[in-house]
Amino acid sequence: MSLTNKNILLGIGGGIAAYKSAELVRRLKDCGANVRVVMSQGAQAFITPLTLQALSGHPVATDLLDPAAEAAMGHIELARWADLVIIAPATANLLARVNAGMADELITTSCLATDAPVVVCPAMNQQMYQNQATQDNLQQLQDKGITVWGPGIGSQACGETGPGRLLEADEITQRANDFFSPKLLEKINILLTAGPTREAIDPVRYISNHSSGKMGFALAKAAYDLGANVTLVSGPVNLNTPQGITRIDVDSAAQMQAAVMEQINEQDIFIGCAAVADYRVTEVADNKIKKTTDADTMTLKLIKNPDILASVSQLKNKPFTVGFAAETQDVIHYAKEKLIRKNLDMIAANDVSQAELGFNADNNALCVLWHEGQHMLPATDKYTLAKQLLSLIAQRRRNGST
Ligand code: PMT
(Lines give C-alpha, C1' and ligand atoms only; values in the text may rest on other atoms or scores of the structure.)
Protein backbone atom coordinates (compact mmCIF):
# COMPACT_ATOMS: atom_id res chain seq x y z
CA MET A 1 0.00 0.00 0.00
CA SER A 2 1.30 3.44 -0.93
CA LEU A 3 0.06 4.88 2.37
CA THR A 4 2.28 2.67 4.52
CA ASN A 5 4.20 4.85 7.02
CA LYS A 6 2.98 8.04 5.38
CA ASN A 7 2.28 10.87 7.84
CA ILE A 8 -1.18 12.36 7.32
CA LEU A 9 -2.19 15.49 9.20
CA LEU A 10 -6.01 15.59 9.21
CA GLY A 11 -7.66 18.98 9.84
CA ILE A 12 -11.31 18.71 10.84
CA GLY A 13 -13.53 21.75 10.27
CA GLY A 14 -16.78 22.60 12.05
CA GLY A 15 -19.51 21.04 9.93
CA ILE A 16 -21.96 18.19 10.39
CA ALA A 17 -19.80 16.03 8.10
CA ALA A 18 -17.16 16.05 10.86
CA TYR A 19 -18.66 12.75 12.06
CA LYS A 20 -17.30 11.11 8.87
CA SER A 21 -13.74 12.08 9.88
CA ALA A 22 -13.74 9.34 12.52
CA GLU A 23 -14.24 6.74 9.78
CA LEU A 24 -11.61 8.47 7.66
CA VAL A 25 -8.99 8.16 10.42
CA ARG A 26 -9.74 4.42 10.65
CA ARG A 27 -9.51 3.86 6.87
CA LEU A 28 -6.21 5.78 6.62
CA LYS A 29 -4.77 3.82 9.53
CA ASP A 30 -5.99 0.51 8.04
CA CYS A 31 -3.87 1.40 4.99
CA GLY A 32 -0.77 1.85 7.16
CA ALA A 33 -0.72 5.66 7.46
CA ASN A 34 0.22 7.51 10.67
CA VAL A 35 -2.58 9.96 11.37
CA ARG A 36 -2.53 13.02 13.60
CA VAL A 37 -5.63 15.16 14.00
CA VAL A 38 -6.12 18.90 14.37
CA MET A 39 -9.65 20.12 15.17
CA SER A 40 -11.25 23.55 14.93
CA GLN A 41 -13.44 24.84 17.77
CA GLY A 42 -16.50 24.27 15.59
CA ALA A 43 -15.53 20.67 14.86
CA GLN A 44 -15.53 19.90 18.59
CA ALA A 45 -19.23 20.80 18.71
CA PHE A 46 -19.90 17.87 16.34
CA ILE A 47 -17.42 15.22 17.48
CA THR A 48 -15.15 14.97 20.52
CA PRO A 49 -11.35 15.08 20.46
CA LEU A 50 -11.43 11.96 22.64
CA THR A 51 -13.01 9.93 19.81
CA LEU A 52 -10.33 11.07 17.37
CA GLN A 53 -7.58 10.50 19.93
CA ALA A 54 -8.76 6.91 20.49
CA LEU A 55 -8.92 6.24 16.74
CA SER A 56 -5.65 7.94 15.74
CA GLY A 57 -3.71 6.78 18.80
CA HIS A 58 -2.34 10.29 19.36
CA PRO A 59 -3.43 13.36 21.33
CA VAL A 60 -5.61 15.67 19.23
CA ALA A 61 -4.41 19.27 18.77
CA THR A 62 -7.16 21.83 19.28
CA ASP A 63 -5.52 25.03 20.43
CA LEU A 64 -2.82 27.21 18.89
CA LEU A 65 -1.71 28.42 22.31
CA ASP A 66 -1.70 25.15 24.27
CA PRO A 67 1.45 24.84 26.45
CA ALA A 68 0.90 21.08 26.95
CA ALA A 69 0.59 20.42 23.20
CA GLU A 70 3.58 22.65 22.40
CA ALA A 71 5.65 20.72 24.94
CA ALA A 72 4.89 17.49 23.05
CA MET A 73 4.51 18.05 19.30
CA GLY A 74 4.16 21.80 18.66
CA HIS A 75 2.18 23.14 15.74
CA ILE A 76 5.27 23.86 13.64
CA GLU A 77 6.63 20.34 14.23
CA LEU A 78 3.22 18.93 13.33
CA ALA A 79 3.27 20.87 10.06
CA ARG A 80 6.83 19.64 9.35
CA TRP A 81 5.94 16.05 10.29
CA ALA A 82 3.19 15.77 7.65
CA ASP A 83 3.72 14.15 4.25
CA LEU A 84 0.21 15.23 3.32
CA VAL A 85 -2.31 17.58 4.94
CA ILE A 86 -5.98 16.74 4.38
CA ILE A 87 -8.72 19.09 5.56
CA ALA A 88 -11.98 17.14 5.77
CA PRO A 89 -14.53 18.51 6.12
CA ALA A 90 -13.41 21.88 4.77
CA THR A 91 -16.27 24.27 5.51
CA ALA A 92 -16.91 27.46 3.50
CA ASN A 93 -15.41 29.44 6.38
CA LEU A 94 -12.30 27.27 6.54
CA LEU A 95 -11.77 27.47 2.77
CA ALA A 96 -11.98 31.26 2.90
CA ARG A 97 -9.58 31.41 5.83
CA VAL A 98 -7.00 29.05 4.28
CA ASN A 99 -7.23 31.06 1.07
CA ALA A 100 -6.66 34.31 2.99
CA GLY A 101 -3.61 32.83 4.77
CA MET A 102 -5.03 33.29 8.28
CA ALA A 103 -2.85 32.10 11.17
CA ASP A 104 -5.10 32.60 14.21
CA GLU A 105 -5.97 28.93 14.81
CA LEU A 106 -4.33 25.57 14.32
CA ILE A 107 -5.69 24.28 11.01
CA THR A 108 -4.97 27.38 8.94
CA THR A 109 -1.63 27.90 10.70
CA SER A 110 -0.61 24.32 9.86
CA CYS A 111 -1.45 24.96 6.19
CA LEU A 112 0.83 28.01 6.22
CA ALA A 113 3.63 26.28 8.09
CA THR A 114 3.80 23.05 6.10
CA ASP A 115 5.75 22.34 2.94
CA ALA A 116 3.69 19.17 2.40
CA PRO A 117 0.93 19.16 -0.24
CA VAL A 118 -2.43 20.35 1.11
CA VAL A 119 -5.79 18.86 0.07
CA VAL A 120 -9.17 20.34 0.95
CA CYS A 121 -12.38 18.27 0.87
CA PRO A 122 -15.26 20.78 0.78
CA ALA A 123 -18.47 20.02 2.68
CA MET A 124 -21.28 22.50 3.11
CA ASN A 125 -24.84 23.38 2.12
CA GLN A 126 -25.20 23.26 -1.68
CA GLN A 127 -26.16 26.95 -1.94
CA MET A 128 -23.11 27.95 0.10
CA TYR A 129 -20.95 25.76 -2.13
CA GLN A 130 -22.33 27.32 -5.31
CA ASN A 131 -22.01 30.86 -3.99
CA GLN A 132 -19.54 32.83 -6.11
CA ALA A 133 -17.43 33.68 -3.05
CA THR A 134 -16.86 29.98 -2.28
CA GLN A 135 -16.19 29.20 -5.94
CA ASP A 136 -13.66 32.08 -6.09
CA ASN A 137 -11.95 30.76 -2.95
CA LEU A 138 -11.73 27.25 -4.43
CA GLN A 139 -10.30 28.57 -7.71
CA GLN A 140 -7.76 30.72 -5.87
CA LEU A 141 -6.75 27.82 -3.61
CA GLN A 142 -6.10 25.69 -6.71
CA ASP A 143 -4.14 28.54 -8.31
CA LYS A 144 -1.98 28.45 -5.15
CA GLY A 145 -1.33 24.72 -5.60
CA ILE A 146 -3.88 23.37 -3.12
CA THR A 147 -5.75 20.30 -4.34
CA VAL A 148 -9.52 20.00 -4.07
CA TRP A 149 -11.18 16.57 -3.69
CA GLY A 150 -14.93 16.60 -4.14
CA PRO A 151 -17.47 17.55 -3.07
CA GLY A 152 -19.96 14.76 -3.80
CA ILE A 153 -23.47 15.52 -5.03
CA GLY A 154 -26.61 14.24 -3.33
CA SER A 155 -28.92 14.65 -0.35
CA GLN A 156 -27.57 16.80 2.45
CA ALA A 157 -28.02 16.88 6.23
CA CYS A 158 -29.88 20.22 5.85
CA GLY A 159 -32.55 18.47 3.75
CA GLU A 160 -31.44 19.98 0.43
CA THR A 161 -29.95 18.16 -2.55
CA GLY A 162 -26.96 19.25 -4.61
CA PRO A 163 -23.16 19.54 -4.57
CA GLY A 164 -21.57 19.90 -1.13
CA ARG A 165 -21.41 16.43 0.42
CA LEU A 166 -18.10 15.38 1.94
CA LEU A 167 -16.59 12.53 -0.09
CA GLU A 168 -16.93 9.17 1.63
CA ALA A 169 -14.01 8.01 3.80
CA ASP A 170 -13.19 5.19 1.35
CA GLU A 171 -12.94 7.60 -1.57
CA ILE A 172 -10.70 10.07 0.30
CA THR A 173 -8.50 7.15 1.40
CA GLN A 174 -8.31 5.85 -2.20
CA ARG A 175 -7.30 9.30 -3.46
CA ALA A 176 -4.67 9.61 -0.71
CA ASN A 177 -3.34 6.21 -1.71
CA ASP A 178 -3.25 7.22 -5.41
CA PHE A 179 -1.49 10.42 -4.39
CA PHE A 180 1.50 8.42 -3.11
CA SER A 181 1.41 5.78 -5.88
CA PRO A 182 3.92 5.95 -8.75
CA LYS A 183 2.21 7.95 -11.50
CA LEU A 184 1.44 6.72 -15.02
CA LEU A 185 3.36 9.52 -16.75
CA GLU A 186 6.00 10.15 -14.06
CA LYS A 187 8.82 12.34 -15.47
CA ILE A 188 7.49 12.08 -19.06
CA ASN A 189 7.77 15.33 -21.06
CA ILE A 190 4.54 16.19 -22.88
CA LEU A 191 4.01 19.05 -25.31
CA LEU A 192 0.43 19.98 -26.19
CA THR A 193 -1.28 22.48 -28.42
CA ALA A 194 -4.71 23.86 -27.48
CA GLY A 195 -7.31 26.39 -28.53
CA PRO A 196 -7.82 28.11 -31.88
CA THR A 197 -5.37 30.11 -33.94
CA ARG A 198 -6.12 33.61 -35.21
CA GLU A 199 -5.07 34.53 -38.72
CA ALA A 200 -5.03 38.29 -39.16
CA ILE A 201 -6.80 39.92 -42.11
CA ASP A 202 -5.98 43.48 -41.10
CA PRO A 203 -5.15 45.13 -37.72
CA VAL A 204 -8.73 44.63 -36.44
CA ARG A 205 -10.03 41.44 -38.13
CA TYR A 206 -9.05 37.80 -38.19
CA ILE A 207 -10.06 34.28 -39.29
CA SER A 208 -10.57 31.81 -36.40
CA ASN A 209 -12.88 29.06 -35.10
CA HIS A 210 -14.94 28.08 -32.05
CA SER A 211 -12.27 26.17 -30.11
CA SER A 212 -12.37 27.26 -26.45
CA GLY A 213 -9.18 25.42 -25.44
CA LYS A 214 -11.10 23.37 -22.82
CA MET A 215 -10.10 19.97 -24.26
CA GLY A 216 -6.40 20.87 -24.55
CA PHE A 217 -6.31 22.47 -21.09
CA ALA A 218 -8.04 19.39 -19.59
CA LEU A 219 -5.35 17.22 -21.22
CA ALA A 220 -2.63 19.46 -19.80
CA LYS A 221 -4.09 19.28 -16.29
CA ALA A 222 -4.65 15.52 -16.48
CA ALA A 223 -1.11 14.93 -17.79
CA TYR A 224 0.31 16.98 -14.91
CA ASP A 225 -1.83 15.07 -12.41
CA LEU A 226 -0.45 11.83 -13.88
CA GLY A 227 3.10 13.02 -13.18
CA ALA A 228 4.18 14.50 -16.54
CA ASN A 229 6.19 17.67 -17.15
CA VAL A 230 3.76 19.59 -19.32
CA THR A 231 4.31 22.41 -21.80
CA LEU A 232 1.16 23.88 -23.29
CA VAL A 233 1.23 26.01 -26.43
CA SER A 234 -2.09 27.80 -26.47
CA GLY A 235 -3.92 29.94 -28.98
CA PRO A 236 -6.04 32.83 -27.66
CA VAL A 237 -8.43 31.42 -25.02
CA ASN A 238 -10.12 32.63 -21.89
CA LEU A 239 -8.85 29.96 -19.44
CA ASN A 240 -6.63 29.97 -16.36
CA THR A 241 -3.38 28.04 -16.63
CA PRO A 242 -3.67 24.78 -14.70
CA GLN A 243 -1.29 24.43 -11.75
CA GLY A 244 2.26 23.29 -12.54
CA ILE A 245 2.13 23.78 -16.31
CA THR A 246 4.43 25.84 -18.53
CA ARG A 247 2.22 27.84 -20.89
CA ILE A 248 3.29 29.59 -24.08
CA ASP A 249 0.68 31.89 -25.63
CA VAL A 250 0.52 32.38 -29.39
CA ASP A 251 -1.93 33.83 -31.90
CA SER A 252 -1.33 32.47 -35.37
CA ALA A 253 -0.54 29.02 -36.80
CA ALA A 254 2.94 30.25 -37.77
CA GLN A 255 3.61 31.35 -34.17
CA MET A 256 2.23 28.04 -32.87
CA GLN A 257 4.51 26.10 -35.19
CA ALA A 258 7.56 28.16 -34.13
CA ALA A 259 6.79 27.60 -30.43
CA VAL A 260 6.25 23.86 -30.93
CA MET A 261 9.44 23.37 -32.95
CA GLU A 262 11.44 25.27 -30.33
CA GLN A 263 10.29 22.85 -27.60
CA ILE A 264 9.99 19.59 -29.51
CA ASN A 265 13.47 18.10 -29.05
CA GLU A 266 13.02 17.46 -25.32
CA GLN A 267 9.58 15.88 -25.68
CA ASP A 268 8.50 12.25 -25.23
CA ILE A 269 4.89 12.84 -26.33
CA PHE A 270 3.30 15.47 -28.58
CA ILE A 271 -0.49 15.97 -28.69
CA GLY A 272 -1.97 18.33 -31.28
CA CYS A 273 -5.34 19.29 -29.83
CA ALA A 274 -5.43 22.83 -31.22
CA ALA A 275 -7.87 23.74 -33.96
CA VAL A 276 -5.23 25.25 -36.22
CA ALA A 277 -6.48 27.35 -39.14
CA ASP A 278 -5.67 25.50 -42.35
CA TYR A 279 -5.29 28.79 -44.28
CA ARG A 280 -4.20 32.39 -43.66
CA VAL A 281 -4.59 35.43 -45.90
CA THR A 282 -1.71 35.86 -48.35
CA GLU A 283 -1.15 39.48 -47.41
CA VAL A 284 -2.25 41.02 -44.12
CA ALA A 285 -3.36 44.62 -44.73
CA ASP A 286 -1.34 47.24 -42.84
CA ASN A 287 -4.46 49.33 -42.17
CA LYS A 288 -8.12 48.54 -41.57
CA ILE A 289 -9.71 47.49 -44.87
CA LYS A 290 -12.38 50.03 -45.79
CA LYS A 291 -15.84 49.12 -47.06
CA THR A 292 -16.18 50.22 -50.69
CA THR A 293 -19.30 51.60 -52.39
CA ASP A 294 -18.51 50.21 -55.83
CA ALA A 295 -18.81 46.44 -55.07
CA ASP A 296 -21.00 44.14 -52.94
CA THR A 297 -18.43 41.38 -52.70
CA MET A 298 -14.82 41.17 -51.75
CA THR A 299 -12.31 38.35 -52.20
CA LEU A 300 -9.68 37.30 -49.72
CA LYS A 301 -6.81 35.29 -51.13
CA LEU A 302 -5.73 32.52 -48.75
CA ILE A 303 -2.59 30.43 -48.57
CA LYS A 304 -2.09 27.11 -46.73
CA ASN A 305 -0.65 27.25 -43.22
CA PRO A 306 2.17 24.92 -42.21
CA ASP A 307 0.87 21.63 -40.78
CA ILE A 308 2.33 21.58 -37.26
CA LEU A 309 1.39 17.97 -36.54
CA ALA A 310 2.90 16.74 -39.80
CA SER A 311 6.13 18.70 -39.17
CA VAL A 312 6.47 16.98 -35.78
CA SER A 313 5.77 13.50 -37.13
CA GLN A 314 8.37 13.97 -39.88
CA LEU A 315 11.17 14.54 -37.39
CA LYS A 316 13.89 11.87 -37.31
CA ASN A 317 13.58 11.39 -33.53
CA LYS A 318 9.90 12.16 -33.31
CA PRO A 319 8.08 11.92 -29.98
CA PHE A 320 5.02 9.66 -29.69
CA THR A 321 2.75 11.82 -31.86
CA VAL A 322 -1.00 12.10 -31.32
CA GLY A 323 -3.39 14.14 -33.46
CA PHE A 324 -7.03 15.07 -33.17
CA ALA A 325 -9.45 14.99 -36.10
CA ALA A 326 -12.48 17.24 -35.72
CA GLU A 327 -15.05 16.15 -38.28
CA THR A 328 -18.78 16.60 -38.88
CA GLN A 329 -19.24 13.60 -41.23
CA ASP A 330 -17.47 10.30 -42.04
CA VAL A 331 -15.53 10.92 -38.83
CA ILE A 332 -13.68 7.57 -38.60
CA HIS A 333 -12.89 7.49 -42.31
CA TYR A 334 -11.30 10.96 -42.30
CA ALA A 335 -9.49 10.30 -39.01
CA LYS A 336 -7.92 7.07 -40.39
CA GLU A 337 -6.85 8.95 -43.49
CA LYS A 338 -5.13 11.61 -41.31
CA LEU A 339 -3.49 8.94 -39.11
CA ILE A 340 -1.80 7.45 -42.20
CA ARG A 341 -1.14 10.62 -44.23
CA LYS A 342 0.38 12.50 -41.28
CA ASN A 343 2.35 9.44 -40.08
CA LEU A 344 0.89 9.61 -36.55
CA ASP A 345 1.09 7.06 -33.74
CA MET A 346 -2.48 7.75 -32.69
CA ILE A 347 -5.43 9.99 -33.56
CA ALA A 348 -8.49 11.00 -31.54
CA ALA A 349 -11.48 11.21 -33.87
CA ASN A 350 -13.78 13.95 -32.61
CA ASP A 351 -17.32 14.10 -33.95
CA VAL A 352 -18.12 17.81 -33.68
CA SER A 353 -21.54 17.67 -35.30
CA GLN A 354 -23.41 17.92 -31.93
CA ALA A 355 -23.47 21.23 -30.07
CA GLU A 356 -23.18 19.64 -26.60
CA LEU A 357 -19.91 17.80 -27.41
CA GLY A 358 -16.56 18.94 -28.83
CA PHE A 359 -16.10 22.62 -29.68
CA ASN A 360 -16.69 24.97 -26.76
CA ALA A 361 -18.54 22.34 -24.68
CA ASP A 362 -17.72 20.94 -21.23
CA ASN A 363 -18.13 17.33 -22.41
CA ASN A 364 -16.67 15.36 -25.27
CA ALA A 365 -16.45 11.83 -26.71
CA LEU A 366 -13.61 10.38 -28.78
CA CYS A 367 -12.89 7.37 -30.93
CA VAL A 368 -9.16 6.75 -30.58
CA LEU A 369 -7.44 5.06 -33.52
CA TRP A 370 -3.95 3.66 -33.99
CA HIS A 371 -2.54 1.51 -36.76
CA GLU A 372 -3.50 -1.84 -35.22
CA GLY A 373 -6.71 -0.97 -33.39
CA GLN A 374 -9.21 1.50 -31.99
CA HIS A 375 -11.04 2.27 -28.75
CA MET A 376 -14.20 4.25 -28.06
CA LEU A 377 -14.20 6.74 -25.17
CA PRO A 378 -17.88 7.61 -24.52
CA ALA A 379 -19.16 11.09 -23.67
CA THR A 380 -18.02 12.47 -20.33
CA ASP A 381 -16.46 15.63 -18.94
CA LYS A 382 -13.26 16.70 -20.70
CA TYR A 383 -10.95 16.07 -17.68
CA THR A 384 -12.14 12.47 -17.24
CA LEU A 385 -11.87 11.93 -20.99
CA ALA A 386 -8.36 13.43 -20.98
CA LYS A 387 -7.26 10.96 -18.30
CA GLN A 388 -8.68 8.06 -20.32
CA LEU A 389 -6.94 9.23 -23.50
CA LEU A 390 -3.62 9.69 -21.67
CA SER A 391 -3.91 6.21 -20.22
CA LEU A 392 -4.34 4.79 -23.76
CA ILE A 393 -1.37 6.86 -24.97
CA ALA A 394 0.79 5.54 -22.10
CA GLN A 395 -0.22 1.94 -22.93
CA ARG A 396 0.45 2.28 -26.68
CA ARG A 397 3.74 4.05 -26.06
CA ARG A 398 4.86 1.29 -23.69
CA ASN A 399 3.96 -1.29 -26.33
CA GLY A 400 6.50 0.39 -28.64
CA SER A 401 4.17 1.78 -31.25
CA THR A 402 6.65 4.53 -32.34
O1 PMT B 1 -11.08 23.64 -27.64
P2 PMT B 1 -12.41 22.98 -27.36
O3 PMT B 1 -13.56 23.98 -27.43
O4 PMT B 1 -12.39 22.22 -26.06
O5 PMT B 1 -12.70 21.94 -28.53
C6 PMT B 1 -11.87 20.82 -28.66
C7 PMT B 1 -11.59 20.50 -30.12
C8 PMT B 1 -12.89 20.09 -30.80
C9 PMT B 1 -10.97 21.70 -30.84
C10 PMT B 1 -10.55 19.31 -30.12
O11 PMT B 1 -11.09 18.20 -29.45
C12 PMT B 1 -10.18 18.89 -31.54
O13 PMT B 1 -10.82 18.08 -32.15
N14 PMT B 1 -9.04 19.47 -32.05
C15 PMT B 1 -8.59 19.30 -33.43
C16 PMT B 1 -9.32 20.27 -34.30
C17 PMT B 1 -8.84 20.28 -35.72
O18 PMT B 1 -8.42 21.32 -36.17
O19 PMT B 1 -8.84 19.14 -36.36
P20 PMT B 1 -8.30 18.99 -37.88
O21 PMT B 1 -8.94 17.74 -38.32
O22 PMT B 1 -8.56 20.22 -38.67
O23 PMT B 1 -6.75 18.83 -37.74
C24 PMT B 1 -6.15 17.54 -37.59
C25 PMT B 1 -4.96 17.60 -36.70
O26 PMT B 1 -3.92 18.35 -37.33
C27 PMT B 1 -5.18 18.26 -35.35
O28 PMT B 1 -4.43 17.54 -34.41
C29 PMT B 1 -4.63 19.67 -35.52
O30 PMT B 1 -4.12 20.18 -34.30
C31 PMT B 1 -3.50 19.42 -36.51
N32 PMT B 1 -3.20 20.55 -37.41
C33 PMT B 1 -4.12 20.98 -38.31
C34 PMT B 1 -3.79 21.98 -39.20
C35 PMT B 1 -2.51 22.56 -39.14
N36 PMT B 1 -2.16 23.54 -39.95
N37 PMT B 1 -1.63 22.14 -38.24
C38 PMT B 1 -1.94 21.12 -37.37
O39 PMT B 1 -1.12 20.74 -36.55
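This is a predicted model: local features need pLDDT of at least 70, side-chain atom pairs count only at pLDDT 80 or more; totals for chains, interfaces and linings use all residues.

Visitor: What volume does the second largest pocket have, and which residues lie nearest its centre?

Guide: A pocket is found on a 1 Å grid over the protein atoms alone, as an open set of points with protein on both sides within 12 Å along at least five of seven lines, whereas a cavity is a set of points where a 1.4 Å probe fits but cannot get out; lining residues have an atom within 4 Å of a point. Points are joined across faces, edges and corners, and a volume is the space filled by probe spheres set on them. For the second largest pocket that volume is about 920 Å³, and of its 37 lining residues, Ala 274, Ala 275, Val 276, Asp 278 and Phe 324 lie nearest the centre. Two or more residues each come from α10, β13 (269-272), α12 (308-313), β16 (320-327) and α13 (331-341), and β16 gives the most, with four residues. These helices (H or I, at least four residues) and strands (E, at least two) are DSSP runs numbered from the N terminus.

Visitor: Why does the largest pocket lie between the domains?

Guide: Domain bounds come from an automatic or database domain assignment, and here the chain is divided into domain 1 (7-180) and domain 2 (189-399), with C-alpha centres 39 Å apart. Both domains give residues to the lining of the largest pocket, so this pocket lies between them. Its volume is about 1,900 Å³, and its lining of 47 residues has Gln 142, Val 148, Lys 221, Asp 225 and Tyr 383 nearest the centre. The elements contributing two or more residues are α8 (132-143), β5 (147-148), α9 (169-180), α10 (214-225) and α14 (382-398), and α10 supplies the largest share, six residues. By class, the lining of the largest pocket has 20 nonpolar, 14 polar and 13 charged residues.

Visitor: How many residues surround the ligand?

Guide: A residue is taken as near when one of its heavy atoms lies within 4 Å; by that rule 28 residues surround the ligand, the closest being Ser 211, Gly 272, Lys 338, Asn 350 and Asn 360. For polar contacts one looks for pairs of N or O atoms within 3.5 Å. A backbone N or O atom of Ala 274 lies 2.6 Å from a ligand oxygen, a polar side-chain atom of Lys 342 is 3.0 Å from a ligand oxygen, and a polar backbone atom of Lys 214 is 3.3 Å from one. Of the 780 Å² of accessible area that the ligand has on its own, the protein covers 95%, with areas from the Shrake-Rupley method and a 1.4 Å probe.

Visitor: How many cavities of 30 Å³ or more are there, and which residues line the largest cavity?

Guide: The count comes to one cavity of 30 Å³ or more, and about 30 Å³ of space lies in the largest cavity. The residues lining the largest cavity are Ala 61, Asp 63, Ala 69, Glu 70, Met 73, Gly 74, His 75, Leu 78 and Leu 106, with α3 (67-71) and α4 (75-81) each giving two or more. Five of these residues are nonpolar, two polar and two charged.

Visitor: Which residues does a cis peptide bond join in the backbone?

Guide: A cis peptide bond joins Gly 150 and Pro 151, with omega about 5°, and Pro 151 lies in the loop between β5 and β6 (152-155). The bond from Ala 88 to Pro 89 is cis as well, with omega near 0°, and Pro 89 sits in strand β3 (residues 84-90).

Definitions and conventions:
Residues are numbered from 1 along each chain as its sequence is written. Side-chain values use heavy atoms; hydrogens and water are left out. Ala, Val, Leu, Ile, Met, Phe, Trp, Tyr, Cys and Pro count as nonpolar, Asp, Glu, Lys and Arg as charged, and the others, Gly among them, as polar. A polar contact is a pair of N or O atoms within 3.5 Å; within protein, one must be able to donate a hydrogen and the other to accept it, and residues adjacent in sequence count only if both atoms are side-chain atoms.
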